[in-house]
Amino acid sequence: MLVELRIHGRGGQGSVAMAEMIAGAAFAEGKFAQAFPYLGGGGERRGAPVQAYARISDSPIKLREKIEEPDLVIVQDPSIMEMVDVLAGLKPGGILLINSEEPIKVSRDDIRTFFVPAGKIAIETLGRPIMNTALIGALSRITGLVGIDTVEEAVRSKFPKEIAEKNILAVRKAYEQVGGAA
Amino acid sequence: MKGKTAILEGSRAVAEAVRACRPDVISVYPITPQTHILEDLARFVSSGQLKSQFVRADSEFSAASIVYGASAAGARAYTASASQGLLLMNEVIYAMASTRLPVVLTAVNRAISAPITIQPDHQDTMSLRDTGALQIHVESLQEAYDAHVQSFRIAEDPEVLLPIFICMDGWVLSHSYEPVTVFPDEAISEFAGTFQPVQKLDPAKPLTYGSYADQDVLMEYRYALMLAQEKAREKIRSVTKEYKEVFGHFDGDLIDTHRTEDAEIILVAMGSMVSTIRAAVDELRAEGRKVGLVKVRTFRPFPEEEIIKACGKAPLIAVLDKSLSVNTGGILATEIKAAFYGNPVQPVIVPFMAGLGGKEVNRRVIKEIVDIACRAGDKQGPRGDTIWMGLDHGFFS
């Protein structure tokens, strides 16, 4: 089993931290995991479109190549979809998870698309639009790739206690509220 | 020994190792993609977890000069840099090697301007290959951790006394997260020991570093570096062996090999792409292709004998380079060709430029390299030109 995922966000939204937490949760479940940032465009500037990646596997991961054909794509900020082809390389049968309150039409019908109001949840729980932890909660629900308990553990070990608790609330809300393809 | 395994960032793995080795003096100037190491170490010092003197500098030239002075005064000294920062240190590194100051330096490999970029390749450390400093190239975060622990012992050995670069590819290693086993600080500190200088700056017993010399001894000073690097060979072997005995990890000494037995073509490479090559070799082997891998771990000292032995009777060698000597070709390939000169077995050596400027080297590219090398081996002969993977010829029209 090797699952590869790509995260689209803007600099400052915590896309790399999201990849790291997903890897951390998978590792806590006894899997091998790797997370890494996108290279290019002069680095991660606040607001610029960025990408982060993660691999999860049953066996040690030797690959250090870029992920060209992910199994999963997560979009933190749907406004990016106007300038970045978030579907590029997504495997047929793959999963697209978008932070959106409303369904967004995408140009492929050979994938499964899910939506979660992660931005809204982040404002409610954290008071600011950092939706990476909410999206991990949604990811846990739709894929089972990482369990909700280990996600909460990964969040707990990433942040100071008070911030961690707020993020865990975001994880749980998103876990409940994610919708889309059945 | 049992350690604690967790998902760590590459920079953090380096900082964990450096902290446990307890340098007396740290001076680092920030530069992408090295800065996370600096930030982690600064946090360790400010929280009291590391009792080093953390000296802020106004440039990489100053940072190198500060650790030069610290090392001359008998302190265990550490610095780190990348790309242009390493070039700015160049003058000081030559002096450091010739005055035999065993500073440990993390080189987070990044391409050189212009155009300005943050992409990873090996041009920065290759530009410093003749300084006299030792160079170890790592392929994983675990190896980055392990190599840093080993580096202080190797550099500070009284028979070696040379600066050492631990080279790790920017981003691909420095900014990636993967499981790393970290051992207790006390165990690492014990392994790393303390720096016992054979001489040091001391007001009570004044001496001079970097004094004037003429043709009577200058060449001798350069030759002394040759001898020290020979001693470093033995030291690298013994320290990596001892590390394996204590901590159970072995990433290779001067080289590492993967499935070279009965190989008909051997790929030679350094750094993070070695990991992906391992995966590609396994896939090609599963298809019945007799492919092997030699990882060059120490570029200085250069492991000629080990490489020749590992390549055995393989008739074909493909060298993957991430640095360029303009008008000559890949620097690693040039050294591999020189190593085989006069050897009874004369394989066809096909040089590839693969990964320069961050150009992608994935399994597809690696398999293409194997196919091209196999064709070149039939007709091209050993004087073949460098093959530039992924070169956009349209750029020049």
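A polar contact, as the term is used here, is a pair of N or O atoms within 3.5 Å, where, within protein, one must be able to donate a hydrogen and the other to accept it. Keep that in mind as we go through this model, which is predicted. Between chain A and chain B, ten residue pairs are in polar contact, with both partners at pLDDT 80 or more.

How many residues does each chain bring to the contact? Chain A puts in 20 residues, and chain B puts in 28 residues. Together the two chains bury about 2,100 Å² between them, and carbon and sulfur atoms give 57% of that area. On the chain A side, look for A:Leu39, A:Lys62 and A:Arg64: they lose the most area to chain B, together 35% of what that side buries.

There are salt bridges to find here too, five of them across the interface of chain A and chain B. One involves A:Lys62, which pairs up with B:Asp282, and the closest N and O atoms of that pair are 2.8 Å apart.

Now step back and take in chain A as a whole. Chain A has five helices and seven strands, and if you follow the sequence along, they come in the order β-α-β-β-β-β-β-α-α-α-α-β. Its C-alpha trace spans about 40 × 40 × 40 Å along the principal axes. Take the contacts in chain A between residues at least 6 apart in sequence, and 60% of them join residues at least 24 apart.

Finally, hop over to chain B and find helix H7 (residues 185-192). Six of its eight residues are buried, so this helix is largely enclosed by the rest of the structure. The buried ones are B:Asp185, B:Ala187, B:Ile188, B:Ser189, B:Phe191 and B:Ala192. What covers them? The cover includes helix H1 (10-21), helix H6 (141-156) and helix H8 (218-247) of chain B. Just after H7(B) you reach B:Gly193, which takes a positive phi of about 60 degrees.

Terms used
Residues numbered from 1 in each chain as written. Chains lettered and ligands numbered in written order. Predicted model: local features only at pLDDT ≥ 70, side-chain atom pairs only at ≥ 80, totals over all residues. Heavy atoms only, no water. Contact = heavy atoms within 4.5 Å. Buried area = accessible area lost by both parts, 1.4 Å probe. Salt bridge = Lys/Arg side-chain N within 4 Å of Asp/Glu carboxyl O. Polar contact = N/O pair within 3.5 Å; in protein donor to acceptor, adjacent residues only side chain to side chain. Helix = DSSP H or I, 4+ residues; strand = E, 2+ residues; numbered from the N terminus. Buried < 20%, exposed > 50% of the residue type's maximum accessible area, 1.4 Å probe, protein only.
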